[in-house]
Amino acid sequence: MTVEMFDSLDPRDDAVLASYPVAGEQEVQGAVERGRTAARWWAEQGFDGRKRWLLEFKRAIAADAQSLARVISRETGKPVDDALLEVMLAVEHLDWAAKNAEKTLRRRKVAAGLVSSNQAASVGYRPFGVVGVIGPWNYPLYTPMGSISYALAAGNAIVFKPSELTPGVGVWLAEKWESMAPMQPVLQVVTGLGATGAALCRSGVDKIAFTGSTATAKKVMATCAETLTPMVAECGGKDAMLVAEDADLDAAADFAVFGGFGNAGQTCVGVERIYVCAPVYEEFLAKLVTRAGKLTPGESYGPMTLGSQTAVVRGHIAAALKDGATAVLGGLDSVDERYISPVILTGVPEDSAAMREETFGPVLIVNQVPDLAEAVELANASKYGLAGSVFTKSKARGRAVAAQLETGGVTVNSVLGFAGVAALPLGGVGDSGFGRIHGADGLREFSAASARTVQKFHAPLNLLTMARKRRDMTIAAALLKFRHAR
Ligand code: NDP
């Protein structure tokens, strides 16, 4: 039987890096079955055993970080230093998940309440079994590891389907695990195209952790619905940065350049829209344009990893210009076949496609607003709700605006700050998805809560019997009024 293969390409020049098998239904099923056996062994290791394995895994990744960074760089086109940064972040998360799973998930007592005072009540968390992870290509290590680390620490085995653009990163990870624990396939990879991901959704895994576009999340959800397989969805965003009149404009401009153009704008929690208060609008814009003008595609950031995204970026710039926007840096000519030079657009109408849809390229929209209140309103008008940022020297104002932004995360006086804090959850609302990875919430996302009561003595009022006494009901009815009807 011939095995269907697909190529992984270097987006800088389309050179073939390696070929990988397209896993079909049978191969995916086989991996899930092996994972199920491994999951039993993994669960038996307990929190302490898993912590030791995961910290060893962490050390193995960190010791070989340069080789992993090279694979990431080759498959995505991003500079090796950026890839190394991704490895650092992923390792931090793995470390935190390993060290905090027991504290977060071990069985703990809860107050049983007056009516159930004869019960000892506790809540614990069980692993689901096998979790299927479907990952994107923009941060092909950090993003899926945000699910993998936490699901593993919670006691699950993993079958990981990486993006077809970055299969090598997934294979590297699974091989690293295998070199450590060859008989226990707790972390496996299945390579392939979208159909392989769909097969994973249908394979009987106990949960799917999906990171990718909103459009694909809808397809994944429909497939998961066939088998009532639960899922967590980490999707796209249209994150806004808000700049107040009292902001440190140099810092805001620096962060805007990093958040908007880093990784060629291919960052789910990157900056796509900037709302600047009128008194400092011109000054901020000048600082931003000067900094962005110094960036060199191919050095400061890589090419568009997904070739077809270039057309989306071009389309958004064209739509904005047609809708009356002004290009103050670059424009349609900035869009090459592979590389896109920084583009800054101003005066983009709120109903323009460039303003409503995720652009996922090195394009920043900078619009003027009369005050922060309007900036908050416009930021919240998006169907996405992944993250947002606000720049102000007033701590009280920063906190107030942060509370008003309807997103999964907010940074005050920086961008992307939460991504590096392992204790914080990551996820969005609306079209940005649902559920959380990272932090204690991420550990619980990959666990089934299990409630328990142990009867300590007979209830003074025995209501859970078919031979209920009139006296007990009379007291219970009086108690109901006394406790809750006042
Ligand atoms: P896609 O939605 O195109 O793909 C995501 C994954 O889903 C890939 O592995 C893909 O496989 C797979 N897939 C495609 N079709 C199906 C299907 N029918 N059933 C199951 N799986 C399928 O996303 P991208 O890879 O283009 O990633 C970019 C997107 O990810 C952006 O929107 C970005 O904002 C978002 N993202 C969100 C993050 C977050 O934390 N919220 C973090 C990082 C990215 P294949 O590649 O083989 O087609």
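1. The lining of the second largest pocket comprises 17 nonpolar, ten polar and three charged residues (Ala, Val, Leu, Ile, Met, Phe, Trp, Tyr, Cys and Pro count as nonpolar, Asp, Glu, Lys and Arg as charged, and the others, Gly among them, as polar). The model is predicted, with pLDDT of at least 70 required for local features and 80 or more for side-chain atom pairs, whereas totals for chains, interfaces and linings use all residues. Residues are numbered from 1 along each chain as its sequence is written, and side-chain values rest on heavy atoms, with hydrogens and water left out.

2. The second largest pocket holds about 570 Å³ of space, and of the 30 residues lining it, L89, Y139, F258, T267 and L416 are the closest to its centre. A pocket here is an open set of points on a 1 Å grid over the protein atoms alone, where a 1.4 Å probe fits, with protein on both sides within 12 Å along at least five of seven lines; lining residues have an atom within 4 Å of a point.

3. At least two residues of this lining come from each of α4 (80-105), α5 (142-153) and α9 (249-261). Domain 1 (5-235 + 437-448) and domain 2 (240-419) each contribute at least three.

4. For the largest pocket, the space amounts to about 730 Å³, and its lining has 31 residues, with W137, F210, G212, S213 and T216 nearest the centre. Two or more lining residues are given by each of α7 (194-202), β8 (207-211) and α8 (214-226).

5. The lining of the largest pocket divides into 13 nonpolar, 13 polar and five charged residues, and at least three residues are drawn from each of domain 1 and domain 2.

Note on methods
Points joined across faces, edges and corners; volume = space filled by probe spheres on them. Helix = DSSP H or I, 4+ residues; strand = E, 2+ residues; numbered from the N terminus. Domains from an automatic or database assignment.
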